[in-house]
Amino acid sequence: RLIISGSSELWGFEANAMRRMRDSCCGTLDALIGYRYLNLTEQLTIQEFVTAGPNAPVREGTRIFLQDRFAARNQFHGGPIGDVFKVTGGAIPPPAARASVALGVNVQTLDITGNQVFDRPGAARETFTGGLLATPTNIGNHRRERFAVVPEVGVNLGCQITPRLRGFVGYNF
């Protein structure tokens with residue numbers, strides 16, 4: 001029996017200051033600068049359960065359990081700079097487009113574990129370090145920091161709720 005499970009989660013936040021750079025009859029152009037945080041966490045677990053048959057290289061009836069676990073986390077801290085263009089006019093807030101790039105540091109953490117358990121008939125249980133892909137040469141906690149660039153392009157459609165509050169939906173890439 002083989003069980004493979006994994007998960008992935010991405011979230012972040014950003015705070016910006018904006019300044020009007022251009023105001024014309026068809027729209028406004030604002031410059032932005034700020035702080036962006038992104039967190040990507042991923043995990044992969046592989047488990048294998050085997051019972052040795054009559055032609056196996058180990059004693060028949062031996063139960064073998066192997067497990068590998070890989071857990072990775074990337075945390076980006078950076079400063080975005082960019083522009084926001086808004087079309088002017090109309091009672092409903094018109095579309096807005098945004099382009100920015102964040103420059104910063106990405107902190108990468110990787111935790112690798114693995115083990116094997118042998119249950120031989122009539123013998124004591126044996127446990128070994130290392131699984132199928134997680135071997136004694138790569139098991140452990142690994143960390144590094146690297147310079148990173150995170151670009152972003154987005155489009156928003158909004159609704160003015162009060163003179164100082166706007167709700168919007170959009171798509172960022």
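1. The largest pocket is lined by 35 residues, and those nearest its centre are Glu14, Arg98, Glu152, Asn156 and Asn172. Two or more lining residues come from each of strand S1 (2-23), S2, S3, strand S4 (96-119), strand S6 (140-162) and strand S7 (165-172). Strands here are DSSP runs (E, at least two residues), numbered from the N terminus. A pocket is an open set of points on a 1 Å grid over the protein atoms alone, with protein on both sides within 12 Å along at least five of seven lines; lining residues have an atom within 4 Å of a point.

2. A caveat before going on: this is a predicted model, with local features needing pLDDT of at least 70 and side-chain atom pairs 80 or more, while totals for chains, interfaces and linings use all residues. Residues are numbered from 1 along each chain as its sequence is written, and side-chain values use heavy atoms, leaving out hydrogens and water.

3. The pocket's volume is about 860 Å³, where a volume is the space filled by probe spheres set on the grid points, joined across faces, edges and corners. Its lining splits into 19 nonpolar, 10 polar and 6 charged residues.

4. There's also 1 cavity of 30 Å³ or more, a cavity being a set of points where a 1.4 Å probe fits but cannot get out. Its lining includes Leu2, Ile46, Leu66, Asp68 and Leu132.

5. Look at Asp68, in strand S3. A polar atom of the Asp68 side chain sits 3.4 Å from the backbone nitrogen of Ala134.

Methods:
Helix = DSSP H or I, 4+ residues; strand = E, 2+ residues; numbered from the N terminus. Polar contact = N/O pair within 3.5 Å; in protein donor to acceptor, adjacent residues only side chain to side chain. Nonpolar A, V, L, I, M, F, W, Y, C, P; charged D, E, K, R; others polar.
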